[in-house]
Amino acid sequence: MKPFLYIGLLLIVLTTSGCWDRKEINDLAFISGTSFDLTDDGKYILSHQIPIPSTAQAGLGGGGRQETFFVTSATGRNASEAFQKLQKKTSRTLFTSHRSLIYVGESLAKHGIEDILDVYTHDPRQRLKTYIIVVKGGEGRELLQIKYPFEQVPTEAVKEMEALGSGLSVTLRDFFLAASSEGISPVLGVIERDVSSEGRKENKRLFKLGGSAIFKDFKLVGFLNENETNGFRWVTNRMKYGVINASLPEDDGTLGVVLVNAKRKITPEISGDKIKFKIQLQGEGSLWENNSPLDVSLPENLRLVQKAFEKSIREQVLDAVSKVQKQYKVDSVGFGQEIYRNKPKQWKTLEEQWDHKFPDVDVSVEVKLNVRGTGMAGAPLQLKEKEIKN
């Protein structure tokens, strides 16, 4: 009888047990994007962008374009309190694991973001691959409301822009690694309203990635513009793709190249109290625009073109380094990290005084760019033969 008894008990267990913490998909509200802003009295404004399920859209009925997402907000003394307030006015369980983007309003970034980041270090449901971006000149909750023509949920558009690699893309993981590392301060990407679309109706307004945000002690201290950010991406080895523009001497035209490969090497040199960094940059690109009278298929002209591009890159890098060095006085580039990795003994003596040493270190930049595809480009086709410079 015992075997039959065991089989009966097993059947009872199998038919009555289940996942006690299982959540049905219809019970979840998938958060696609989040923003943090600051009230006048120092509280946090937490906002979520939540896609509306297709079944719910069908139930709305009516004509015209149906809403594909909604934004809900709440204030709190910390992120957890604001989140609980949002949950109390949401009919489904707020689900964060699908979130791809976090906006930080400029005023909060200047105030400091250390407190809002703490929640992401404790909750395993938070994805460290989530992009985090500073909203220049505005609040994050405003950007969450802007509709985007190509995507049903606007944060998906920003996610795709970041994935293209045309701007400075920083995830929570990137930020935490930089903040906890020796000899480097973290940076964030920047997003802002597209000024050219401000005259349109609200659902036709757009946003754009632009520049980078420099942080010190978790507080925003300033911005780099788009050209400076290109230089910053070069010197921090983030320049995997980009478009480089250059002007020829004596206003003889402009050229553009699409970068397809880039490498960076930084060598610290320490002699007594003097500290110097040698930055060596190498890259390959394909010529995609030639607004000059040069026939770039000729070796002599090609050398002239390559020198123009190398000069443009060098200026971008030096502008970026100079701004973080002289104006913001914060090592966002990671020069200190290079000393820590390559000269650990010297770093032990420099570590405590690095904030004071960094603004005065010498920096040199060498650039070597190989421009390809010039044989197919030649001279601009619209020029007459006598106008072409050989």
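**Burial, cores and cavities in a predicted model**

Student: How is the accessible surface of the protein chain described?

Tutor: The accessible surface comes to about 21,500 Å², and carbon and sulfur atoms hold 50% of it. Accessible areas are from the Shrake-Rupley method with a 1.4 Å probe, and for residues only the protein chains shown count as cover. This is a predicted model, in which local features need pLDDT of at least 70 and side-chain atom pairs count only at pLDDT 80 or more, while totals for chains, interfaces and linings use all residues. Residues are numbered from 1 along each chain as its sequence is written, and side-chain values use heavy atoms, with hydrogens and water left out.

Student: Why is Phe215 called buried?

Tutor: Buried means under 20% relative accessible area, exposed means over 50%, and partly exposed is in between (1.4 Å probe, protein chains only). Phe215 has a relative accessible area of 0%, so Phe215 is buried. Buried residues make up 46% of the 390 residues in the protein chain.

Student: What makes Phe218 partly exposed?

Tutor: Its relative accessibility is 24%, so Phe218 counts as partly exposed. Phe218 is in the loop between strand 9 and strand 10 (219-224), and has a positive phi of about 65 degrees although it is not a glycine. Helices (H or I, at least four residues) and strands (E, at least two) are DSSP runs, numbered from the N terminus.

Student: Which residues are in contact with Phe215, leaving aside its neighbours within four places in sequence?

Tutor: Contact means heavy atoms within 4.5 Å. For Phe215, in strand 9 (residues 207-216), the partners include Ala109, Ile113, Pro186, Leu188 and Val330. The C-alpha atoms of Phe215 and Pro186 are separated by 5.9 Å, although the two are 29 residues apart along the chain.

Student: What makes a set of residues a nonpolar core?

Tutor: The members are buried Ala, Val, Leu, Ile, Met, Phe, Trp, Tyr and Cys residues joined through side-chain atoms within 4.5 Å. The largest such core has 78 residues, of which Leu188, Trp234, Phe309, Val317, Phe335 and Trp354 touch the most other members. Helix 10 (residues 299-327) gives the most to this core, with 9 residues. Apart from it lies another core, of 18 residues, among them Leu101, Tyr131, Ile133 and Ile191.

Student: How does the span of helix 10 compare with the one expected?

Tutor: The expected span is 1.5 Å times one less than the number of residues. Helix 10 has 29 residues and reaches 41 Å from its first C-alpha to its last, close to the expected 42 Å. Lys329, with a positive phi near 55 degrees, follows helix 10.

Student: How many cavities of 30 Å³ or more are counted?

Tutor: On a 1 Å grid over the protein atoms alone, a cavity is a set of points where a 1.4 Å probe fits but cannot get out, and lining residues have an atom within 4 Å of a point. Grid points are joined across faces, edges and corners, and a volume is the space filled by probe spheres set on the points. By this rule there are 2 cavities of 30 Å³ or more.

Note on methods:
On a 1 Å grid over the protein atoms alone, a cavity is a set of points where a 1.4 Å probe fits but cannot get out, and a pocket is an open set with protein on both sides within 12 Å along at least five of seven lines; lining residues have an atom within 4 Å of a point.
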